[in-house]
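Hi everyone, thanks for making time. I'd like to walk you through one model today, so let me put it on the screen.

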Amino acid sequence: MPTLRKIMRLGAASILIFALMVACAVEQSQLNKKPEIAKKPKLEEKDSIASLTNKSEQSYKESLINSHGKTIGERIKVPKGYERVEVPRGSFAEYLRNLPLKPHGTKVKYYNGEEKPKDVYVAVIDMDVGTRDLQQCADAVIRLRAEYLYKNKQYDKIHFNFTNGFRADFKKWMQGYRIKVEGNKAYWVKKTGYCDDYACFRKYLDMVFAYAGTLSLSQEMQKIPLSGLQIGDVFLKGSDPGHCVIVVDMAQNPKTGEKIFLLAQSYMPAQDIHILKNPTNDDDNPWYSINFGDVLVTPEWQFTKDQVYRFGE
């Protein structure tokens, strides 16, 4: 009997020990098991921090460009804190601000149909360039001024000088006279009847483009101080080679008084007139500050602050 009791006690002890061992094993298993943590969704490469930064920058860039805008004033917005300057109705300034633009993303084309390889512009003015290598830098400025005057039937104000000093008046051209060039001399010759249609006007301009340039423009335009800069004024280096760009819009910060402006140009060879980028702005903001210092840096030329000119009345 005592032996049976001992056996029963040993059996109970064994069962208890086994139960404890199982419980410890389960507890250890739970301790060793890593708790599950809700994983953060992985960002795809396009959603990385760098990409998010680019998206933020792109959003800012696009905030200054209204891709649906059809004119300079509609397409290019002013930076925060600035307001477009008021311009007289019917003025050259109003005309330039409302120049029609080709659809957003349009490439600048040369007169022969080839694309300009340099990405130096934010918009392209919707105006023909012609089929000859004529409408270069000075010619683009002449073209815009002449188009404005022609549109407003101010024919008597349409006149430009050749490099040799000869004055080419559109009124004379309208009367059927044409310009004969012999060496360094130019003179009028009666060739046809009266005309004032647009085709007649374009032929006149092509003649001017062939014999005028930055040098002749610098001699007939009025030099002005940078502080008085207005829409329609021209940054101009009159030499051979020379270059010029025209101010097509302006804005001002009413608190600081700082003025900013947009520039347009053509170049060599003859090409579409286009609105320039500002290469000194990292954010692709095309506006230039009047406080640029001694040198105005544009994508394809540099001007000094004293190279500012204006058309006379």
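**Helix α7 and its surroundings**

So, let's start with α7: its buried residues pack against α5 (137-151), β3 (159-161), β4 (167-169), α6 (170-174) and β5. Helices here are DSSP runs of H or I with at least four residues, strands are runs of E with at least two, and both are numbered from the N terminus. Buried means under 20% relative accessible area, exposed is over 50%, and partly exposed is in between, using a 1.4 Å probe and protein chains only.

Before I go on, the ground rules. This is a predicted model, so local features need pLDDT of at least 70 and side-chain atom pairs count only at pLDDT 80 or more, while totals for chains, interfaces and linings use all residues. Residues are numbered from 1 along each chain as its sequence is written, and side-chain values use heavy atoms, with hydrogens and water left out.

Back to α7, residues 198-211. Which of its residues are buried? Cys 200, Phe 201, Arg 202, Tyr 204, Leu 205, Met 207, Val 208 and Phe 209.

Leaving out residues up to four places away in sequence, Phe 170 touches Tyr 150, Tyr 155, Ile 158, Cys 200, Phe 201 and Tyr 204; contact means heavy atoms within 4.5 Å. In the largest nonpolar core, which has 83 residues, Phe 170 is among those that touch the most other members, along with Ile 158, Phe 235 and Phe 261. The largest share of this core comes from α5, with 10 residues. A nonpolar core, by the way, is a set of buried Ala, Val, Leu, Ile, Met, Phe, Trp, Tyr and Cys residues joined through side-chain atoms within 4.5 Å.

Next, the hairpin. Strands β5 (177-182) and β6 (185-190) run antiparallel, joined by 6 bridges; two strands pair if DSSP finds at least two bridges between them. Tyr 177 sits opposite Lys 190, and Val 181 has Ala 186 as its bridge partner. There are 2 residues between the strands, and Gly 183 takes a positive phi near 65°.

Now for two single residues. Is Asp 156 buried or exposed? Asp 156 counts as exposed, because its relative accessibility is 52%, and you'll find it in the loop between α5 and β3. His 274, in strand β11, counts as buried because its relative accessibility is 0%. A polar atom of the His 274 side chain lies 2.8 Å from the backbone oxygen of Asp 272.

Finally, confidence. pLDDT is the predictor's confidence in each residue, from 0 to 100. The chain mean is 85, and 80% of residues reach 70 or more. Over residues 1-62, though, pLDDT stays under 50, and the model has 9 contacts beyond four places in sequence for that stretch. Where pLDDT is low, the predicted coordinates should not be read in detail.

Technical notes
A polar contact is a pair of N or O atoms within 3.5 Å; within protein, one must be able to donate a hydrogen and the other to accept it, and residues adjacent in sequence count only if both atoms are side-chain atoms.
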